[in-house]
Amino acid sequence: MKFAPLEIGPVRLENPVLAAPIAGFTDLVFRGLVRELGGCGLIYTEMVSAGGWIDGRIEPRRLDGVPDEPRPLGVQLWDREERPLEEAARRLVDMNVTVIDLNFGCPKRRIMGKHAAGAQLLRDPATVGRLVAATVRGAGATPVTAKMRLGPSVANRTAVAVARAAVENGAKAITVHGRTADESYGIPCRREQIAEVVDAVHVPVIANGDIDGPESAISTIRDTGAAGVMVARAALQRPWIFSQISAALRGEAIPAPPTLLEQRQLLLRHHSLVVEQYGDPHGTVLMRKFACRYLGGTSGARVFRDHVSRAEDSTDFRRIVDHYFPVEELEAELLAG
Ligand SMILES: Cc1cc2nc3c(=O)[nH]c(=O)nc-3n(C[C@H](O)[C@H](O)[C@H](O)COP(=O)(O)O)c2cc1C
């Protein structure tokens with residue numbers, strides 16, 4: 001199976017494998033590591049409140065790194081008002097970002113309820129259209145994309161109407177997470193409904209949900225007809241997953257995953273970069289949630305997670321990693337082959 005590069009308006013992505021926006025995770029350090037590990041066509045920031053930023057209510061740390069880091073880079077905005085989205089898009093153009101994405105999928109009560117934004121907007125395709133149009137006015141030649149779920153609820157699946165409204169108003173690609181906002185991760189994604197969106201619009205559709213390696217990426221593309229895939233949770237556990245999926249889509253041999261020793265090195269480097277960025281102990285506290293996801297599936301992983309989720313500072317973090325993943329043992333395992 002061979003796949004074409006993905007074109008989002010004027011932007012051509014060599015690998016049709018995208019790293020999802022993940023609030024609390026896809027900060028500049030994580031984005032840098034994903035780029036280094038290769039295979040990712042485009043990576044997004046965490047969702048940023050356009051109104052909070054434009055009206056000065058927040059100083060978005062989520063935009064740290066954005067002006068200077070390598071391209072391509074996508075920034076995701078959320079809001080339910082046109083004015084802040086248009087202005088935020090203008091500012092992002094000045095920062096030379098590659099793609100501006102709009103969030104129509106967040107199911108969190110605070111976003112859907114208090115702010116009537118995120119997946120709440122799936123109830124109202126006309127408003128989605130106006131928000132996309134406003135963002136496109138601010139974005140000029142920079143492509144605007146939309147990321148959505150299948151609808152606000154199982155009883156109200158609006159993805160096709162919302163996607164059409166977004167595209168009619170200038171969206172250059174649509175990402176669909178194959179669940180409704182009231183569906184938990186326990187329920188499998190509905191690929192056939194992603195396929196309905198693919199059939200309904202003339203721009204590339206990126207399929208998202210439950211992709212955890214080359215096989216599920218290929219079967220998702222086969223079942224949906226999507227032009228690309230987006231990965232979220234699996235990338236937190238295995239940030240090298242993009243190189244494996246991209247190789248498989250190119251019909252090449254899938255690179256072996258890093259050895260446990262290499263995973264240990266990656267974890268420690270991630271920690272030191274986070275501490276460099278945020279200081280210690282704050283950086284170590286931020287790193288706990290990443291560390292709990294790395295090294296999954298190994299024999300000591302559960303106890304390791306239990307301890308590392310309480311690491312207090314860099315010394316403590318290093319001690320816990322040394323205890324559960326001692327270099328000498330990992331090297332001996334490698335030699336034993
Ligand atoms: C902790 C967490 C934070 C997320 N934050 C965002 C976000 O900021 N913006 C967004 O569009 N989706 C967000 N998502 C949803 C993911 O991008 C993705 O659509 C979803 O997890 C399904 O993909 P997966 O099965 O590969 O995880 C988040 C998901 C998780 C688990």
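Angles under 35 degrees count as roughly parallel, over 145 as roughly antiparallel, 65 to 115 as roughly perpendicular and the rest as oblique. Axes are lines fitted to C-alpha atoms, for helices over the stretch in contact, and angles run from 0 to 180 degrees between N-to-C directions. The model is predicted: local features need pLDDT of at least 70 and side-chain atom pairs count only at pLDDT 80 or more, while totals for chains, interfaces and linings use all residues. Residue numbers start from 1 along each chain as its sequence is written.

Helices (H or I, at least four residues) and strands (E, at least two) are DSSP runs, numbered from the N terminus. Helix H11 (residues 260-278) packs against helix H14 (residues 314-324) at an angle of about 175°, the axes being 11 Å apart. H11 and H14 are therefore roughly antiparallel to each other. Arg 264, Leu 267, Leu 268, His 271 and Val 275 of H11 make the contact with Ser 314, Phe 317 and Val 321 of H14, where two residues are in contact if their C-beta atoms, placed from the backbone, lie within 7 Å. By class, this contact of H11 with H14 has five nonpolar, two polar and one charged residues; Ala, Val, Leu, Ile, Met, Phe, Trp, Tyr, Cys and Pro count as nonpolar, Asp, Glu, Lys and Arg as charged, and the others, Gly among them, as polar.

Eight strands form a closed barrel in the order S3-S4-S5-S6-S7-S8-S9-S10, with parallel pairing; the twist from one strand to the next averages 25°. Two strands pair if DSSP finds at least two bridges between them. Strands S7 (residues 144-148) and S8 (residues 173-177) are joined in the parallel sense over four bridges, and Thr 145 stands opposite Ala 173 in S8. Helix H10 (residues 241-249) lies across strands S3 (17-19) and S10 (228-231), running at about 165° to S3.

The chain is divided into domain 1 (6-249) and domain 2 (260-336), with bounds from an automatic or database domain assignment. Their centres, taken over C-alpha atoms, are separated by 30 Å.

The ligand has 21 residues around it, of which Ala 20, Ala 23, Met 47, Ala 232 and Arg 233 come nearest; a residue is near a molecule or strand if its C-beta atom, placed from the backbone, lies within 6 Å of it. At least two residues of this shell come from each of strand S4 (42-49) and H9. By class, the shell has ten nonpolar, seven polar and four charged residues.
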